[in-house]
Every structure is written in structure tokens, then in C-alpha cells.
Amino acid sequence: MAADLSRRIVAEALGTAMLVATVVGSGIMADRLTDDVAVSLLGNTLPTGAILVVLITILGPISGAHFNPAVTLVFALRREIAANAALAYLLAQVAGGIAGTFLAHAMFEQPIVQISETVRTGSGQWLAEAVATFGLVFTILAGLRFRSDAIPWLVGLYITAAYWFTASTSFANPAVAIARAFSNTFAGIRPVDLPGFILAEFLGALLAMALASWLLTEPKPVR
């Protein structure tokens, strides 16, 4: 079991690192190639959705491909992952995310350690993060209930859409939010704005779990 858990932790760290490297790296690339903010956002969106499909497909069989403390919390509360494993997942996700930020900076020859100055705060941003995470978690739970084979595509497509219909551009992930605070680039967020984002993300995840526990329950046969 220890060896199995170690592989799962590495998969979570690796997946989160690759996800954040894609988010931050594609943001830097897009910002360099155009001054049009809409085009930059599109250049940030498509790689993120695409890498999610890849990462969930290849690492899902190892760890479940959470890459997200909010998702791990939901599975822990549903007793589908042990508490000690969930804590290990969370630490691996945060560490992997920060490593992914540093990797993106290194690839683009930027200062490795940065502190973001991008302002992302306010009730609209917090509501957007709650909505984004609610939708993500509900998509995962509904996908597991009805089309588990399609989850990589469901998650990738959902995040691609949520980049554009949420005011916050859909972080929907506390580990990713923390990692992006270390990047003063297109994808960054000020550290002081993190608590509001993280609280909203966990709240959205819990609301999705509550609704899913009722809405997705198998109907009892009528006698």
C-alpha cells in the first residue's frame, strides 16, 4: 500500500505541475504574441483544456487525476479516499503546482520566483470561482455516474468553456490559484487575493457534492 500511495502522490504532483506549467506557459506565450487580450485569453484557454484531457487520460488510472484540493476534499468526504491519502494528495498538488510555475518561468527565461501583482478580487470574482468549481465538481461526479470513460473530455471541455463564461476565467482549483500567485504574468493572482478565491472554490465544490448526492442517486424501484 505504501508503494501504491507513493505512485499516486507522484502522479498527483506531476499532473498538477504539468497543468500549471501549461496555464502559466501558454499565458506567457500568448501575451508575447499579441496585444489583444481576447486573443491572449484564447491562447491560454485552448492549451489548458487540451492538457486536461491528456493528463486525466494518462494519470487517471494511477491516482484518479484529481490535481485539485477541492476535488480531493469531495472524494474524502464521500469516503472514496482515505484521510491520510487525501492530505498527501493536497500537499503534492500544491507543491507540484508551484513547481509547474517555476518550470514555465524557466522555459521562457524569466525570473524563477515571482510574486504576482495582478488584482483579482471582489464579489463578482468570488461568485465566479464558486460557480466555476461547482460546475467542475458536478461535471466530475455526473461523469462518474453516467459516462466515466468520457471524464477526460468532459473536464477539458468544461474548463475550456468556463474560462469564458466566468468573470474570474475559472481557476476552480486552490492548488492552481496558489501556484499562480508565484507568477507575475498574464495568469497571475495577487497573494492577498488568494483567501477569497480558495474559500469560494471549496464552497462551490461542497455545494456540488450536496446537489450530486441527491440528484444523481439511483432511483429506487417503484413497487
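This is a predicted model: local features need pLDDT of at least 70, side-chain atom pairs count only at pLDDT 80 or more; totals for chains, interfaces and linings use all residues.

Colleague: Start with the core. Which residues touch the most other members of the largest nonpolar core?

Modeller: Those are Leu19, Leu136, Val137, Leu141 and Val155. The core has 47 residues.

Colleague: Which helices supply at least two residues of this core each?

Modeller: The list is H1, H2, H3, H4, H5, H6, H7 and H8. H1 covers 2-33, for example, and H8 covers 194-215.

Colleague: New topic: H3. Which of its residues are buried?

Modeller: Pro69, Ala70, Val71, Thr72, Val74 and Phe75. Their cover includes H4, H5, H7 and H8.

Colleague: What happens at the start of H3?

Modeller: Asn68 reaches in there. One of its side-chain oxygens comes to within 2.9 Å of the backbone nitrogen of Ala70.

Colleague: And what follows H3?

Modeller: Arg79 does. Its phi is positive, near 60 degrees.

Colleague: Now H5 and H6. At what angle do their axes cross?

Modeller: Roughly 160 degrees, and the axes come within 10 Å. Angles over 145 count as roughly antiparallel, so that is how H5 and H6 lie to each other.

Colleague: Is the crossing left-handed or right-handed?

Modeller: The crossing of H5 and H6 is right-handed.

Colleague: Which residues make the contact?

Modeller: From H5, they include Val131, Ala132, Gly135 and Leu136. From H6, they include Ile151, Leu154, Val155 and Tyr158.

Colleague: Let's do single residues. Where does Thr45 lie?

Modeller: Thr45 lies in helix H2. Its relative accessible area is 1%, so Thr45 is buried.

Colleague: What is Thr45 in contact with?

Modeller: Setting aside its neighbours within four places in sequence, Thr45 is in contact with Thr160, Tyr163 and Trp164. A polar atom of the Thr45 side chain also lies 2.7 Å from the backbone oxygen of Leu41.

Colleague: How far apart are Thr45 and Ala70?

Modeller: They are 25 residues apart in sequence. In space it is 21 Å, C-alpha to C-alpha.

Colleague: Next, Gln93. Buried or exposed?

Modeller: Gln93 is buried, with a relative accessible area of 0%. Its place is in helix H4.

Colleague: Which side chain does Gln93 join through a polar contact?

Modeller: That of Thr72, at 3.0 Å. Thr72 is one of the buried residues of H3. Leaving aside neighbours within four places in sequence, the contacts of Gln93 also include Glu12, Thr16, His66 and Ala175.

Colleague: Last one. Where is Thr166 found?

Modeller: Thr166 is in the loop between H6 and H7. With a relative accessible area of 8%, Thr166 is buried.

Colleague: What does the side chain of Thr166 reach?

Modeller: The backbone nitrogen of Ser170, at 3.0 Å. Not counting residues up to four places away in sequence, Thr166 touches Ala128 and Ala132. Ala132 is also one of the H5 residues in the contact with H6.

Key
Residues are numbered from 1 along each chain as its sequence is written. Side-chain values use heavy atoms; hydrogens and water are left out. A nonpolar core is a set of buried Ala, Val, Leu, Ile, Met, Phe, Trp, Tyr and Cys residues joined through side-chain atoms within 4.5 Å. Buried means under 20% relative accessible area, exposed over 50%, partly exposed in between (1.4 Å probe, protein chains only). Helices (H or I, at least four residues) and strands (E, at least two) are DSSP runs, numbered from the N terminus. Contact means heavy atoms within 4.5 Å. A polar contact is a pair of N or O atoms within 3.5 Å; within protein, one must be able to donate a hydrogen and the other to accept it, and residues adjacent in sequence count only if both atoms are side-chain atoms. Axes are lines fitted to C-alpha atoms, for helices over the stretch in contact, and angles run from 0 to 180 degrees between N-to-C directions. Angles under 35 degrees count as roughly parallel, over 145 as roughly antiparallel, 65 to 115 as roughly perpendicular and the rest as oblique. A crossing is left-handed if the near helix is turned anticlockwise from the far one by less than a right angle, and right-handed if clockwise.
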